[in-house]
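Visitor: Could you walk me through a structure, one question at a time?
Guide: Gladly; here it is.

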Amino acid sequence: MTLLCVPLVVRTVEAMQADAAAAAAAGADLVEIRLDFIEGFRPREHLPRLLRGCPLPALVTYRPNWEGGQYEGDDATRFEALRLAMELGVDYVDIELKVADKFISFISGSKPDKCKLIVSSHNYQSTPSCEELADLVARIQAVGADIVKIATTATDIVDVSRMFQVMVHCQVPMIGLVMSEKGLMSRVLSPKFGGYLTFGTIDATKLSASGQPTIEELLDIYNIRHIGPDTKVLGLIANPVKQSKSPILHNKCLQSVGYNAVYLPLLADDLARFLSTYSSPDFSGFSCSLPFKVDAVQCCHEHDPIAKSIGAINTIIRRPDGKLVGYNTDYIGAISAIEDGIGGPGSKDAAVSPLSGRLVVVVGAGGAGKAIAYGAKEKGARVVVANRTYEKAVSLAAAVGGHALRLAELETFRPEEGMILANATSLGMYPNVDGTPIPKKALSFYDVVFDVVYAPKVTRLLREAEESGVKVVSGVEMFVRQAMGQFERFTGIEAPESLMREIAAKYT
């Protein structure tokens with residue numbers, strides 16, 4: 001079982017003792033005591049206090065600044081403190097590969113059998129090739145490590161795949177982690193690829209390395225105790241991705257139905273490269289969001305007819321034969337939310353859609369804009385497309401038999417009463433919450449305003465529309481409805497709608 005380790009990176013012994021107790025209460029398996037963080041550290045006074053009252057097994061690290069730590073002194077002083085920790089019965093000691101030979105000579109065979117020696121290497125710039133990583137493993141083994149630790153940095157999410165390849169072939173216990181937000185997958189999937197331990201912080205402010213999740217996230221969101229070699233990997237491929245609530249929503253629902261999968265936020269730069277790198281059948285399904293919904297059409301081998309007509313995909317399923325099939329659940333998610341917003345709950349099921357004959361102004365010509373424009377046309381609406389890049393508005397409008405506007409023209413566009421506005425851009429999305437696609441004074445031209453953005457739940461656009469007396473439809477409705485379609489594609493199981501709504505209400 002992969003161990004969950006909480007790094008203790010506060011400045012005093014008392015604060016470390018408090019965080020160690022919190023780590024135990026949170027469900028951690030061990031703590032990493034970072035001696036280099038303690039101000040005025042005095043080994044013979046502080047180590048007994050830290051170790052003898054520790055509620056969990058402990059790993060002691062005294063990281064020098066040349067390996068990314070805080071310690072600026074000489075090696076002899078540091079080695080003496082680590083040897084003392086061993087004498088006091090610590091469970092693990094971490095020493096850097098660069099000085100491992102020197103340290104092992106220093107302790108001259110006096111390491112207690114109980115204490116395991118972790119020999120570590122950190123690369124804060126990149127992730128080397130598989131061959132270089134394998135060579136590094138061999139070098140660490142050769143100096144006498146009980147446990148190999150290699151931490152690298154992801155400049156692209158595909159870098160993590162090289163760490164996974166080395167981990168599954170390693171013949172000794174190994175900790176393999178890739179730092180930065182793009183490396184999060186290495187931390188959550190450590191149990192799937194045989195990692196000895198992974199790190200989770202007490203809270204998001206107490207990181208010992210870039211990209212670490214919290215212990216609460218690992219246990220409660222990613223359900224890491226149940227991740228194993230057979231766990232399927234699902235996720236949201238987007239850039240940015242941090243603001244998304246999809247991992248919370250999908251993971252809670254996967255847990256509720258007992259489906260062996262984990263859903264990850266996947267910060268990617270190139271969709272095709274991601275899909276070709278993570279081509280194992282275990283990487284079985286993905287949500288696609290900005291800016292990849294249109295690119296996804298070219299990446300899939302087959303397409304659902306609706307997705308093909310829309311020209312955008314938000315759901316990718318990898319079949320057992322490796323073929324990628326693209327679907328679009330944005331279409332039904334957005335249109336049904338707008339219909340129910342216009343006519344009340346159940347309006348989406350009426351014989352004649354409440355959108356029929358209405359003028360729908362779609363802002364944005366990307367993946368979400370295409371889905372809404374297509375859906376509105378299918379429901380009998382007349383469509384106008386406004387976009388910052390006018391040529392894209394013209395192209396989408398032509399595809400749905402509509403008209404195109406420049407974004408600036410929305411300020412005075414009022415050909416008739418009773419129009420519906422649908423924002424399909426990221427304007428107003430966290431963290432740029434002050435963004436809006438249309439001036440407040442123009443919102444009174446509309447009967448209904450819909451926003452695909454759901455983080456924050458009440459965007460500036462929706463707030464100003466309500467202040468103007470206009471009915472609003474939150475992006476949370478689309479979020480839940482499109483997620484239901486995705487969940488059923490991912491699992492073959494009916495989506496737990498009531499749970500999804502409960503989670504969306506709590507976290508958005």
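Visitor: At what angle do the axes of helix 1 and helix 2 cross?
Guide: This is a predicted model, in which local features need pLDDT of at least 70, side-chain atom pairs count only at pLDDT 80 or more, and totals for chains, interfaces and linings use all residues. Residues are numbered from 1 along each chain as its sequence is written, and side-chain values use heavy atoms, leaving out hydrogens and water. Helices (DSSP runs of H or I, at least four residues) and strands (E, at least two) are numbered from the N terminus. The axes of helix 1 (residues 13-26) and helix 2 (residues 43-52), lines fitted to C-alpha atoms over the stretch in contact, with angles from 0 to 180 degrees between N-to-C directions, come within 10 Å and cross at roughly 15 degrees.

Visitor: Are helix 1 and helix 2 roughly parallel or roughly antiparallel?
Guide: Angles under 35 degrees count as roughly parallel, over 145 as roughly antiparallel, 65 to 115 as roughly perpendicular and the rest as oblique. The crossing is at roughly 15 degrees. Helix 1 and helix 2 are therefore roughly parallel.

Visitor: Which residues of helix 1 and helix 2 make the contact?
Guide: Contact means heavy atoms within 4.5 Å. Helix 1 contributes Val-13, Glu-14, Met-16 and Gln-17, and helix 2 contributes His-46, Arg-49 and Leu-50.

Visitor: Which residues of helix 16 are buried?
Guide: Buried means under 20% relative accessible area, exposed over 50%, and partly exposed in between (1.4 Å probe, protein chains only). In helix 16, residues 460-467, the buried ones are Leu-461, Leu-462, Glu-464 and Ala-465.

Visitor: Why do the buried residues line one face of helix 16?
Guide: The arc is taken from the directions from the helix axis to the C-beta atoms. Because the buried residues of helix 16 fall within 165 degrees when seen down its axis, they line one face.

Visitor: Which strands do the buried residues of helix 16 pack against?
Guide: After helix 16 comes Gly-469, with a positive phi near 80 degrees. The packing partners of the buried residues are strand 18 (419-423), strand 19 (446-451) and strand 20 (471-473).

Visitor: Is Thr-214 buried or exposed?
Guide: Thr-214 sits in the loop between strand 8 (197-199) and helix 8 (215-221). Leaving aside residues up to four places away in sequence, Thr-214 touches Gly-200, Thr-201, Asp-203 and Ala-204. Its relative accessibility is 10%, so Thr-214 counts as buried.

Visitor: What share of the protein's residues count as buried?
Guide: The protein has 18 helices and 20 strands. Of its 508 residues, the buried share is 58%.
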